[in-house]
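Please study the sequence and the structure shown below before reading on. The briefing that follows is arranged by topic.

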Amino acid sequence: MRPAGWLAVCILTLCLFALLGCTPEVVREEVVREVEVVVTATPGPGGSAQTGQTSAPVGQAPDPTPGQQAASTTQPAAATPAPPTTTDATENVYQLGISADLTTTNYWAYLGPDGTIWNLYVLGGGKPVLYTYSAQRFDWVPSLAADFPTALAEETVGGQTFWTTEVPLKQGVKWSDGNDVTAEDFAFTAHTAAELELSGNWPSIVDPEFFDHAEALDPYRLKIFFKQKPGLARWQFGQAFMPILSKAYWEPVVAEAKQAGEIIEQQKALYAHVPENEPTAGGFGFSKWERGAFAEKERNPDYYFADSTVTQYASGAYAESKPGAYEFAAYGAPGGDKTLEYTTGPYADSAIYSIYGSQDATVLALKKGDIDFMLNPLGLSRGLQEQLEGEDGLTVIENPSTGVRYLGFNFRREPMDNKAFRQAVATLIDKEFLTSTVLQGVAIPMYTMVPEGNVAWYNADVPLIGQGLSRGERIAQAVQMLKDAGFTWETEPRISEDGRFVEQPGEGLKMPNGEPVPEMDILAPSPGYDPLRSTFAIWIERWLNEVGIPVRADLTGFNLIVEKVFDQQDFDMWILGWRLTLYPDYLEAFFHSRHAGLEGHNAGGYNNPEFDRLADQLLAETDVETARQQVFEMQAFLADDLPYVVLFDTPLVEAYRSDRITYPYTDSLGGLQNASGLTTLVQFK
Amino acid sequence: MIERPPNQPPPAGEGVSLFGDAPEIDLSRGRVDLTLVRLRMAWRTLRDGWAVFVESRIGVLSLAIIAVFALMAFSHPILMATVWEPDVYDPVTGYAFDRFDHPAPPNWRHPLGTDSLGRDILSQLLFSAKSEFILGITAALVTVGIATTVGAVAAYYGGLVDSLLMRLADLIIALPGISLLIVLSALFNLNLFYLALIIGVLGGFGGTAIILKSQALSIRVKPYIEAARAAGGSHFHVIFVHIIPNLLPLSLLYMMFTVTGAIFAEAVLSFLGLLDIRMSWGIMIHTANVGGYLLSGANYWWLVIPAGASITLLCSAFYLVGRALDEVVNPRLRRHDG
Amino acid sequence: MTSYLARRAGQMVLTLFLIVTLTFFLVQAQPGDYATFYSLNPDIPAEAREQIKASFGLDKPLWQQYLVHMKNTFTGNFGVSFGHYPRPVMEVLAERLPRTVVLFLSATAVSFYVGFFLGKAIAWRRGGVLEYAATISGATLFTAFTPAFALMMIWIFAFKLGWLPVGKFLDPLIWRGAEVSANHVFSYMLATAAVFIAFAFLTLLAARKLGRLGTGRMPFLVIAGGAAVIPIVWAFTGVGYLALDILRHMILPIATLTLISFAGTMLLTRNSMLETMREDYVMAARAKGLPEKVVRDRHAARNALLPVITSLVYSLIFAIDGSVIIEGVFSWPGTGMTLLEAVRSEDLPLVMGSMVFIGLFSLLAHVIVDVLYVYLDPRIRYQ
């Protein structure tokens, strides 16, 4: 009897699970994602910050020191005595708090499938790169390169036409194993990524459609061959930021990995390698990882860029020098008012990254003095900010962040395809009231897809629909816009005499073709996931209902919104967010009509030939200044045509122990976490 | 699996049953009379049970607490319909326009202050009380409904049915419950109703079923069951008229524990941000936590204490009522006959 | 007994099979998959995304993925974690398990002892102030909102008073020079605990065999002596200061867990005591005029222990299962935090792996309960 009973239970349950499991999943497996993606979805507070996959190394300004640090030699564990007491008093340990463990120490894997924000904080900016963003202003400046590259030139080699450029390298930059950092290292890294078809962030750094190969003309002169003419995003803001790995260390590892069979197995073998004593050329070297507890980087005594000085001038000029080694200036003649000046360290002997399980625990550790700074992609919430502001020895800093939250329209449905309708919706949304009054400054209103802090690309002159109007004026204007476009009401909305509220809400709104405006849903994250976006959704619902636009805020889970909007395109309007890269070629990915297919990033199906033309131009552009003008034009165009109503961004609030450490600067887009805590610049009191 | 020797007492619940044990009734008499007799006996046992129950001061106190929360739950719709304007006091979409320094401390318009999004805490608290009752009671009813039926059926039929149901129960107890709930809610964005259903089904087919079955076994061997069968009662009749009513006292006891579990689970899952609920006590604490007010100690007490205390009070009240009921149902625990 | 155990093992395998199946299809049925994260990601072209899917095996049909997972599970290889790619799930779990086991075994032991002690006391003096105080405070703590309560404990003891560390299981400044990994120290600690328990058990067994000679304080003195040897041995290993650091970090979580969970054991002990106290032999002992304390501890409490000891195992399961809630607050990266992190990032193999680990643990515990029953209660025999 008993075995029979067991068998029956098993079979029944299996059938049940099979039924449960099969239905939705089979379909989704067949869909091919075809669109190139440029930007991350903002997980939003309370969401998957802990697991926030990846961060674009391209867009992130890594440690903005010229010349990226790499890890110094790993000291053999035996070399350090095991003292029962901790640190001797003269040693400066920079202690940082992070909220999740590293998942790898292998640079290939970190830029591949293990691109978590936490790996970025600890490992990011740890390798030499040709060019980098300058601090604060994000100027494009040489790092390992001695000067700017030669202009792209067309060249035919062996019957094949390439676009080539040459880059001179600095001499005397050394790996910690004593070898020089040379053009060979660059070529090795790029070729490995291309040959092994490395995944994750690699294709955006070494794009197989553009990059062909690189040659070392001599150890300090590099020549790169592209298959087709690379735009800014591919070369200057792409491959030029590629971290360079040591050929001497990695060549045998890569050679062994290539024996592993299929390409996926080869990648796996490379990713699985756990580096030991990997040579570095930067301010710190990775020295210890106690899984789940902390990671430590130790100072590299032979850091090339130590004592180099960077000066930025109000005129826009940039100057950098290291006594007895090199001097560099660009973007105008140095002189006049200085906006920033600092000398690179590292001043810390060691940087320890302690892992805490929750934001609250990290904040307590900061208050208690266990850590000096906390790295957190979302920054501090307002309650914590308030608490820390009153605390002795702590300084709270606030910076704009690199994100945007928006309301998107589905252009495949009426009346969202009507420009007047979209503008009326934008007019009714009082961003200033919501951000400053309701949310009390935890959000910043936005009107364009480029955040203000991204100085070089931000266009301040876009149309600011509805800004500065009172509630009554907004309603009057929106009603007028709709009327002009041919919308009619059964009962028109009536505003009270003082213009402060609606006495009689609009009813029976009809579209220009005479049909009633259908009931519409606004998909938005639930308050548990992101109270800010759900608050916006609720208020938008109320404001639109007042004039008779029948919408309902559907507050639901993040995954569900993504599925409905991006995978099925079955929705009316939605509210989500993007984390943005500095170089705004994402405008093309979001709004070009070629990305409007299923699972594409233009989920709203925005299709405007005029915009497509602008976007195509931007992709092909190779000159920074021209690209800037194009991006300005695109922003103005979008702010008027409104495929998205750009809503708001959250400022990034951070705190550090000012009784122990000082930074050369604290104003920086995305906060100091975006510069991984300025490990090579932080000084101790 | 475990064979119980005859001298081992059954786990609990032999003492009192709501409908009296063996009503010796002449079956030829009318149905109405029978019902009357039953009702009278039920009333008597209820009265006796109540007498035992009130002896436990903790039990009475807890019952009073539950009553207060029930009043709170009922008061919310009334307040919303009478004195509270919906656009100010709606627990989810309301906004206190009268001031903008949210979270505002308690004041005469908002007796428990407002949260960081300008919503009235008292309104949220009352509104959530209703959801918690709905959640707890749904989960409890589902659990006990399933468990009682499963227990009675398994005990009555024995054999294959019994072993099938009991193996299923073994299986479910072996599942790590909290982890499973976390996986479920993280992946599916459960709402209140589904959560109640899942907790109910897991409890109903799991541990509670085993306990109720062992109780049902002891009822099944009673002479009146045989009498009912002999008199031509169908299986269905015997199970639902004779066995299940006698299981009810014990079922009631387990209902109380299920309510505690369900409310607690909801709060924890909401706190972790895993549920798809617009408002609950757990969400209130979650909102405070996301806003960073959980560590502020006494400065923003109204964001955390009312919701936190409500969870604790209501959970422990149900738990303690369950404990007190245990003494009613299981006479071996009573004081006076010790 | 052997055939019973064999059958039980068979059942375990089946249950495990169902847990694996259940988790697998649950994970599959939810909207979105792991690749969704990459589809929303910066600069990842379509081919790269397809490749990621392929390397995770997500491009295969569902039933094939299921078979692969099933095979992996029963060969003790849970596949490769997505979030820690290409690290095997088994390795991730093996790294986290010792931490969970050390913390929650200790916490359960402490909370069990406290609960049993209080339960015994309040059963003996029914209706006293102690009973009301212990019952109400126990039930309140039992139902206190765990995450907030744990955070409050940290706030008071780690921050305001500054006595204890703010979460984590070690102090980086002490460990940065250490030559051994924390998991080494954890396994030494587990080994020490195992040796000590075996020693204590054997001592008690020997005492029982010795009869009258072995009664009284003697065995307890021997055990205490054994306990005293432990620090001396540790002092010679050279990692004693590291173990001490871990112990220091364990105090607060253990205290918190004890406060939260002692009520369960306490109330169960109380009920069990009340039932036992009505037994004839307890009456007889009283009638003989034995001192109250002797009757309570020797006659009543020992027999009341039976149902309580089985509840110990259940509370251990509950603790490990509930580690999901506690670990995050105390920054204690064990299996619970792993599960939470895995479900949030939809790291399918890791979710499955942690569920199977936690499930396996709870299954084992159930078998132990049944075996303990036989050992403790001679009236029960398995067919």
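Why is strand 22 (residues 520–525) of chain A largely enclosed by the rest of the structure? Five of its six residues are buried, so strand 22 of chain A is largely enclosed by the rest of the structure. A residue is called buried if 20 or more other C-beta atoms lie within 10 Å of its own, exposed if 12 or fewer do, and partly exposed in between, with C-beta atoms placed from the backbone. The model is predicted: local features need pLDDT of at least 70, side-chain atom pairs count only at pLDDT 80 or more, and totals for chains, interfaces and linings use all residues. Residues are numbered from 1 along each chain as its sequence is written, while chains are lettered from A and ligands numbered from 1 in the order in which they are written.

**Chain A as a whole**

- Chain A contains 17 helices and 28 strands; helices (H or I, at least four residues) and strands (E, at least two) are DSSP runs, numbered from the N terminus.
- Of the 685 residues in chain A, 56% are buried.
- Among the contacts in chain A with a separation of 6 or more, 72% join residues 24 or more positions apart. Two residues are in contact if their C-beta atoms, placed from the backbone, lie within 7 Å.

**The neighbours of strand 22 in chain A**

- Strand 22 of chain A runs parallel to strand 23 (residues 551–556) of chain A, and six bridges join them. Two strands are said to pair if DSSP finds at least two bridges between them.
- A:Asp521 stands opposite A:Arg552 in strand 23 of chain A.
- Strand 22 of chain A also runs parallel to strand 24 (residues 573–579) of chain A, with two bridges between them.
- The bridge partner of A:Ile522 in strand 24 of chain A is A:Met573.

**Two open sheets in chain A**

- One open sheet has four strands in the order 5-6-8-7 (chain A), with antiparallel pairing.
- Strand 5 (153–157) and strand 7 (211–218) of chain A are at the edges with a single partner strand each, so one side of each has no neighbour in the sheet.
- In this sheet the twist averages 35 degrees from one strand to the next. Axes are lines fitted to C-alpha atoms, for helices over the stretch in contact, and angles run from 0 to 180 degrees between N-to-C directions.
- Strand 6 (residues 160–168) and strand 8 (residues 221–226) of chain A run antiparallel and are joined by six bridges; A:Trp163 stands opposite A:Phe226 in strand 8 of chain A.
- Helix 4 (residues 183–195) of chain A lies across strand 7 and strand 8 of chain A, at about 165 degrees to strand 7 of chain A.
- Another open sheet of four strands has the order 13-12-11-14 (chain A), and its pairing is antiparallel.
- Strand 13 (326–330) and strand 14 (338–343) of chain A are its edge strands, each pairing on one side only.
- The twist of this sheet averages 10 degrees from one strand to the next.
- Four bridges connect strand 11 (residues 309–313) of chain A with strand 12 (residues 318–322) of chain A, which run antiparallel; A:Val310 has A:Glu320 in strand 12 of chain A as its bridge partner.

**Domains of chain A**

- Chain A is divided into domain 1 (309–346 + 380–400 + 653–684) and domain 2 (403–581 + 645–649); the bounds come from an automatic or database domain assignment.
- The centres of domain 1 and domain 2 of chain A, taken over C-alpha atoms, are separated by 37 Å.
- Four residues from domain 1 of chain A and seven residues from domain 2 of chain A take part in the contact.

**Chain B against chain A**

- In this interface, 30 residues of chain B are in contact with 32 residues of chain A.
- Helix 5 of chain B gives the most to the side of chain B that touches chain A, with six residues.
- The residues on that side of chain B divide into 13 nonpolar, 14 polar and three charged. Ala, Val, Leu, Ile, Met, Phe, Trp, Tyr, Cys and Pro count as nonpolar, Asp, Glu, Lys and Arg as charged, and the others, Gly among them, as polar.

**Chain C**

- Helix 5 (residues 89–124) and helix 13 (residues 292–329) of chain C pack at an angle of about 145 degrees, with their axes 9 Å apart.
- C:Glu341 lies in helix 14 (residues 335–345) of chain C, and C:Glu341 is buried, with 22 other C-beta atoms within 10 Å.
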